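The structure under discussion is shown below.

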There are 2 protein chains.
Amino acid sequence: MQRKYLAKIFVTLRPSVLDPAGVAVQTSLRQMGHETVEQVRIGKYIELTTIAPDEAKARQDLNDMCEQMLANTVIENYRFDLIEVESQTGVF
Amino acid sequence: MQRKYLAKIFVTLRPSVLDPAGVAVQTSLRQMGHETVEQVRIGKYIELTTIAPDEAKARQDLNDMCEQMLANTVIENYRFDLIEVESQTGVF
């Protein structure tokens, strides 16, 4: 039987990689009156649905997708949560 | 006393808004052999640290930051998790 899984994927910069966009947002927030803001870093949040016979296969597929395309593993880390869902469930 | 909070912010497109980048990723994943992929949507994941006297004030500050700058509320939804952290804790 095929099952449907919803993956919630977080792609974040590696700690050693600078984030100029995050610094720009931090500066702007402070200029707008949010002086209490310290660090800001910006990553990607991806939701996707996929079909697999079981969670182990879905997890393996997701790792492949992240390694091959969704994350640039030279500069980015990734992690994902996997939830089995009903067949009519979609992403956000 | 001032406390430090780590906010994990999710900015996602409203359901009625098309996501051409998500469709492009979906198409590419399928062409690369991941034919089981159904929908893909891409959002932003932001981590920031801020200082506030209590969680209620931190939550209010975060709502203001999201409304004013981090999300475009015409086309995007946002939500965040807030965690009180030690003073030396940073973002990802």
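## Helix 1 of chain B

In this predicted model, helix 1 of chain B comprises 12 residues, residues 20–31. At 1.5 Å a residue the helix should span 16 Å, and its end C-alpha atoms are 16 Å apart, which agrees. Just after the helix, Gly33(B) takes a positive phi of about 110°.

Gly22(B), Val25(B), Gln26(B) and Leu29(B) are the buried residues of this helix. They cover an arc of only 100° around the axis and therefore lie on the same side of helix 1 of chain B. In general, an α-helix has 3.6 residues a turn, so residues three or four places apart point the same way. The face turned away from the buried side carries the exposed residues Pro20(B) and Gln31(B).

The buried residues pack against strand 2 (37–52) and helix 2 (55–70) of chain A, together with strand 2 (37–52) of chain B.

## Interface of chains A and B

Chain B and chain A each contribute 36 residues to the contact. The area buried between them is about 3400 Å², of which carbon and sulfur atoms give 64%. Tyr45(B), Met69(B) and Phe92(B) supply 19% of the area that chain B buries against chain A, more than any other three residues.

Polar contacts link 20 residue pairs between the chains. Two salt bridges cross the interface; the side chains of Lys4(B) and Glu38(A) meet in a salt bridge at 2.9 Å, N to O. On the side of chain B that touches chain A, strand 1 (3–13), helix 1, strand 2 and helix 2 (55–70) of chain B each supply at least two residues. Strand 2 of chain B gives the largest share, 15 residues.

Conventions. Residues numbered from 1 in each chain as written. Chains lettered and ligands numbered in written order. Predicted model: local features only at pLDDT ≥ 70, side-chain atom pairs only at ≥ 80, totals over all residues. Heavy atoms only, no water. Helix = DSSP H or I, 4+ residues; strand = E, 2+ residues; numbered from the N terminus. Expected span 1.5 Å × (residues − 1). Buried < 20%, exposed > 50% of the residue type's maximum accessible area, 1.4 Å probe, protein only. Arc of directions from axis to C-beta. Contact = heavy atoms within 4.5 Å. Buried area = accessible area lost by both parts, 1.4 Å probe. Salt bridge = Lys/Arg side-chain N within 4 Å of Asp/Glu carboxyl O. Polar contact = N/O pair within 3.5 Å; in protein donor to acceptor, adjacent residues only side chain to side chain.
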